[in-house]
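Opening the notebook on this one.

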Amino acid sequence: MEQYWRERKAGKCAMPERTMLGRTKMLKRMGMQWPIIQAPMAGVSTPRLAAEVSKAGGLGSIGVGATDADGARRMITELQALTDRPFNVNVFVHPAPTHDAARESAWREWLTPHFQAFEATPPARLDTLYTSVADDPDMQAMLLETRPPVVSFHFGLPSRDFIRALKEAGIWLMATATHLEEARAIERAGLDAIVAQGFEAGGHRGMFDPKAADTQLSTAALTRQLVDATHLPIIAAGGIMNGEAIAATLANGAVAAQLGTAFIACPESSADAAYRDALTGPAAHDTRMTSIVSGRPARILANRFARLMEDPSCPTPPDYPLTYAAGKALNAAAISQGDTGFGAQWAGQGALLARAMPAGELVAILGKEYRMACRAMSLRR
């Protein structure tokens, strides 16, 4: 600990030795100037966004959980053409949904008046739109062939055989944890790092079992718990929007910070105009955790869609991702009538701090803020 305080006084924003070693190893391997990871955000992140973040000294990410192997390959190929810097490819590892005819019928019936308001009807069947990588041999083969520098898992872990194959291919692996037992499972599986997703985070909760009780730990509390109870590097995620917050989470023991909502307003993201406008409106002050979008808990801006679940008559949504089929259809019907309040506008609790600027410029500013915050923390010691 003496080395820790010597480095803190020297303005290096130091951490305990194990955390320092983990951060140094990760930054060196990824060629990162800053301990900043852009969150994957399936449906929002793009190869261009990831490339600009990586080129600026962070680690860019793309989420391919909402596409098939061919679509994912195209995204990876495009990203590789834009930069030779390392990047992260995120995949979903959710259980296959169980069709429940009664529950799906009740869900369609409950949504019918909302569809009718836009002169539409709910889909006759709720299909599985997204396939888990655990059940997709084509996606597995594609990842082993393209060998992205980093692969990350959300919603759980794939088979040990697939994890072993990825590691043998030289791919650095990490997965999301929302509580200690998930983190311990990630550690036992032999991955390289854990993403500690606090309750403030936007998008889907990475819970392995969405039906289990949610501890709802904050990013700070979860990060500290996992740093103390595991031996893997911890990447903090949730509500981190500026360099001061990055410095604070690293002082709390994380090796890096993962930011998602901070990058949505960047021109390189695929967020549409309504989504960008909502980030600067009243909804940014009031995000909601809801299962109405997909059947899994997710934090979105407080738009009309999010507020539907406050209706006491709201039935239990179908399994993920079956609920998506109805939600996407309702959003399309609403947009056709000029209503943009039914989109899946993912956002964390720091949404009102989002800054609209090119991704590379944002990384540079975050890095400058982080460095200044480290110096200030050192002086306060």
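Which strands does helix 8 (residues 180-188) lie across? I looked, keeping in mind that this is a predicted model. Helix 8 lies across strand 5 (172-177) and strand 6 (193-197), and it runs at about 165° to strand 5.

Next, the sheet with those strands. I traced an open sheet of eight strands in the order 1-9-8-6-5-4-3-2, paired in parallel. Strand 1 (36-38) and strand 2 (60-63) are its edge strands, and each pairs on one side only.

Zooming in on one pair, I found three bridges joining strand 8 (residues 234-237) to strand 9 (residues 256-259). I235 has A256 in strand 9 as its bridge partner.

Three strands make an open, antiparallel sheet, ordered 7-11-10. Strand 7 (203-204) and strand 10 (288-290) each have a single partner strand, so one side of each is left without a neighbour in the sheet. Strand 7 is joined to strand 11 (residues 298-300) by two bridges, and I noted A298 as the partner of H204.

Last stop, the cores. The largest nonpolar core has 66 residues, and W107, I246, L259, F263, L301, L330 and W346 touch the most other members. Helix 15 (residues 359-380) gives the largest share, eight residues. Apart from this core I found another, of 39 residues, including I62, V64, I163 and L222.

Notes:
Residues numbered from 1 in each chain as written. Predicted model: local features only at pLDDT ≥ 70, side-chain atom pairs only at ≥ 80, totals over all residues. Heavy atoms only, no water. Pairing = 2+ DSSP bridges. Helix = DSSP H or I, 4+ residues; strand = E, 2+ residues; numbered from the N terminus. Core = buried A, V, L, I, M, F, W, Y, C linked by side-chain atoms within 4.5 Å. Buried < 20%, exposed > 50% of the residue type's maximum accessible area, 1.4 Å probe, protein only. Contact = heavy atoms within 4.5 Å. Axes fitted to C-alpha atoms, helices over the stretch in contact; angles between N-to-C directions.
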